[in-house]
Amino acid sequence: MIESLIITLLPVIFLIVLFGGGAVFRRRNIDMDGVAPIGTAVFISSKYAIVLLWVCMIFQSWGVRLSIFEIPEPARSIALLLFILGFLLLFAGRFEMGSSFRIGSPKEDTKLKVNGLFRFSRNPMYLGVYTTILASVVYTLNPILLAVCIFVIAVHHQIVLAEEQYLLRAFGEEYREYCAHVRRYI
């Protein structure tokens with residue numbers, strides 16, 4: 001029961017923070033919805049696919065079997081730890097981004113974030129997404145969800161590469177110097 005509550009509450013709270021933050025941004029005349037750095041349909045479908053993977057893990061935790069395999073207890077435990085770790089990265093990255101956070105590339109000037117988690121990873125939120133969706137696959141051991149996970153990671157890596165080009169244009173040498181000292185993911 002506690003496991004199911006944790007698995008349910010983490011994505012629900014994150015989505016509330018994400019969309020609640022969007023409402024706060026709109027009141028401050030900031031458009032949290034940036035420009036899709038890759039094809040809009042692929043960009044949006046990958047975002048919904050993340051939520052789908054989280055929902056599948058939630059269903060599995062509440063007893064809806066999504067796998068043809070029996071999930072070994074160690075796999076469930078590892079998946080739960082990865083899920084929690086991933087959401088810690090998502091929450092920390094979101095709050096550290098502050099008003100520079102966008103879903104996509106910003107339409108206006110923002111600040112380059114290089115402190116906190118961003119001292120260790122240029123993309124801690126993407127790392128958090130990857131961790132949570134991998135956890136969902138391990139937790140369900142569903143081959144269809146594995147395919148969805150691979151799709152999301154492939155698309156989001158392309159998003160990261162496109163965003164890096166944007167950041168290079170926006171911040172120039174400052175971003176180039178940052179990239180020389182901090183790795184893309186880990």
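In which segment does M1 lie? M1 is in the segment before α1 (2-27); helices (H or I, at least four residues) and strands (E, at least two) are DSSP runs, numbered from the N terminus. The model is predicted, with local features needing pLDDT of at least 70 and side-chain atom pairs counting only at pLDDT 80 or more, while totals for chains, interfaces and linings use all residues. Residues are numbered from 1 along each chain as its sequence is written, and side-chain values use heavy atoms, with hydrogens and water left out.

M1 has a relative accessible area of 68% and is therefore exposed. The classes are buried (under 20% relative accessible area), exposed (over 50%) and partly exposed (in between), with a 1.4 Å probe and protein chains only. Together with L5, L9, I13 and W62, M1 makes a nonpolar surface patch of about 520 Å². Patches are made of residues with over 30% relative accessible area and no salt bridge; like charges are joined within 9 Å, and nonpolar side chains (Val, Leu, Ile, Met, Phe, Trp, Tyr) within 5 Å. Accessible areas come from the Shrake-Rupley method with a 1.4 Å probe, and for residues only the protein chains shown count as cover.

Next, the helix packing. Helix α3 (residues 73-97) packs against helix α4 (residues 124-140) at an angle of about 160°, and the two axes are 7 Å apart. This angle is why α3 counts as roughly antiparallel to α4. Angles under 35 degrees count as roughly parallel, over 145 as roughly antiparallel, 65 to 115 as roughly perpendicular and the rest as oblique. The axes are lines fitted to C-alpha atoms, for helices over the stretch in contact, and angles run from 0 to 180 degrees between N-to-C directions. The α3 and α4 crossing is left-handed, a term used if the near helix is turned anticlockwise from the far one by less than a right angle, with clockwise giving right-handed.

Side chains of opposite charge can pair when their charged atoms come close. How many salt bridges does the structure hold? There are 7, a salt bridge being a side-chain nitrogen of Lys or Arg within 4 Å of a carboxyl oxygen of Asp or Glu. One of them joins E164 and R122 at 2.8 Å, N to O. This pair links distant parts of the chain, 42 residues apart: E164 is in helix α5 (residues 143-181) and R122 is in the loop between α3 and α4. Both residues, E164 and R122, are buried; for E164 the relative accessibility is 11%.

E164 also forms a salt bridge with R184, the closest N and O atoms being 2.7 Å apart. That pair again links distant parts of the chain, since R184 is in the segment after α5 and E164 in helix α5, 20 residues apart. R184 has 27% relative accessibility, so it counts as partly exposed.

In a further salt bridge, the side chains of R102 and E108 meet at 2.3 Å, N to O. R102 is buried at 9% relative accessible area, whereas E108 is partly exposed at 29%. E3, E73 and R76 are linked in a network of salt bridges.

Two single residues remain. W54 lies in helix α2 (residues 40-61) and, at 4% relative accessibility, counts as buried. Its C-alpha atom is 7.5 Å from that of T132, 78 residues apart along the chain. L141, in the loop between α4 and α5, has a positive phi near 45° and is a residue other than glycine. At 30% relative accessibility, L141 counts as partly exposed.
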